[in-house]
Amino acid sequence: MDYRNQLFAHRHLYDLGHTNGVFVSAMKQSVDSHRENCPDYDRILADQGYQADCLKTEQDLHRIPPIPTMFYKAHALSSVPEKKMVIKATTSGTKGTPTQVGLDLPTCYYGARMLRLIFSYYKLFSAVPTNYIILGYQPSKHNKMGAVKTAYGATFLAPALHREYALKDTGSSYALNMEGIKEQLLRYQRAKLPVRFVGFPAYLSFMIKMLRENNIKLTLNPGSKILLGGGWKQFLSEEVDKEELYQMAEETLGIEARNVKEFFAVVESNVLYCDCKNHHFHVPIYARVIIRDPRTMEPVPNGTPGLLNLISPLVSSMPVGSIITDDIAVLYDGKQCGCGIEAPHFEILGRVGMKEIKTCAAGAGEVLRGEQR
């Protein structure tokens, strides 16, 4: 039986209780498949003492050796030939070398099913013509970042009349386009059609500050939305508290906090997490989340901060079923949120110092170098 297919056919986005068994079976199939088709991954698992029969229940998921996202920057692991990777993307590379990610057709198919359910659940599909402000990069042949593809893809949730970009392509680089955004926003307001803002929260903050400096206060169509993702990255020193940012958006754009949605995703994992009405990231059926102690890599209890470990059987082209990010996060019981979703939710607290991540990545790298001598 294809357990990944069974998992992604489930129609209830946060029904973790009824999908635990199929999720574990899907992960076992995923790890076995990657182990068979990626010799380097097989060596990493063998070095960590992973045995297929140790994965029996959800409580065993932590036994799958997690690989730091940093490791993929130096080691290209793949489980299918490159010619079968129909979509290729890179991470932002804000901390050095970007990671190259390739997705095969089955991964894209199941990813599309996941996105359809998520966007339907949060009522983000619309047939009303919409104008877009992209708070990020204009698509370009010289930019392969996953964030660029994701932001552009989001403009198909509602028919796009026009797209304006915060960072416009110059042919070889990018230029900040706040003046162009200001002009288009005034035009969009006169058109009285919905406006959607898509992209980085930092650029939303910069845009609002620019509008305030120009004494511009907008009242956009009530159907307007703000869809954020990607974090603050190199602008961490200028980060604005989430509640404050949403209040700024309501005061300057006329968009209420209930029409602001934030997304969290990691290019290596490709599972999308969308915040609830209380702005918490609940874990969907396609993934499980473990928080690990940065020193021991052992799981910590709910409510305890640690490294974010994302687990999913979605990707079949690369062995990224269990990855460790450089995010410090904390996992909570879903009932603590109060939004009605009972699936656990996590909060990103910041980024860890890179020492522990580098040590983890180096350990896996040593395994491969040792085999190649």
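Guide: For this tour, buried means under 20% relative accessible area and exposed over 50%, with partly exposed in between (1.4 Å probe, protein chains only). It's a predicted model, with local features needing pLDDT of at least 70, side-chain atom pairs 80 or more, and totals for chains, interfaces and linings using all residues. Numbering starts from 1 along each chain as written, and side-chain values use heavy atoms, leaving out hydrogens and water.

Visitor: Is Phe235 buried or exposed?

Guide: Its relative accessibility comes to 17%. That is under the 20% limit, so Phe235 counts as buried.

Visitor: Which parts does the pair of Tyr203 and Phe235 tie together, and how many residues apart are they in sequence?

Guide: First the geometry: ring centres 5.7 Å apart and planes at 80 degrees make Tyr203 and Phe235 edge-to-face (centres within 6.5 Å for a pair of Phe, Tyr or six-membered Trp rings; planes over 60 degrees for edge-to-face, under 30 for stacked, the rest tilted). Tyr203 is buried too, at 9%. Tyr203 belongs to helix 8 (residues 201-213), while Phe235 is in the loop between strand 8 (225-229) and helix 9 (242-253), so the parts tied together lie 32 residues apart. Those helices (H or I, at least four residues) and strands (E, at least two) are DSSP runs numbered from the N terminus.

Visitor: How are the rings of Tyr152 and Phe156 arranged?

Guide: Tyr152 is partly exposed at 32%, and Phe156 is exposed at 55%. Their ring centres are 5.4 Å apart with the planes at 75 degrees, so the arrangement is edge-to-face.

Visitor: Which residue lies over the face of Phe156?

Guide: Look for a charge here (NZ of Lys or CZ of Arg within 6 Å of the ring centre and within 35 degrees of the ring normal). At 5.4 Å from the ring centre of Phe156, you'll find Arg163.

Visitor: And how far is the charged end of Arg288 from the centre of the Phe23 ring?

Guide: This is another charge over a ring, with Arg288 above Phe23. The distance to the ring centre is 4.2 Å.

Visitor: On to the sheet: which are its edge strands?

Guide: The open sheet has seven strands in the order 6-5-4-7-8-9-10, with mixed pairing (at least two DSSP bridges per pair). Strand 5 (residues 160-169) runs antiparallel to strand 6 over three bridges, and Leu167 faces Leu176 there. Pairing on one side only are strand 6 (174-176) and strand 10 (273-274).
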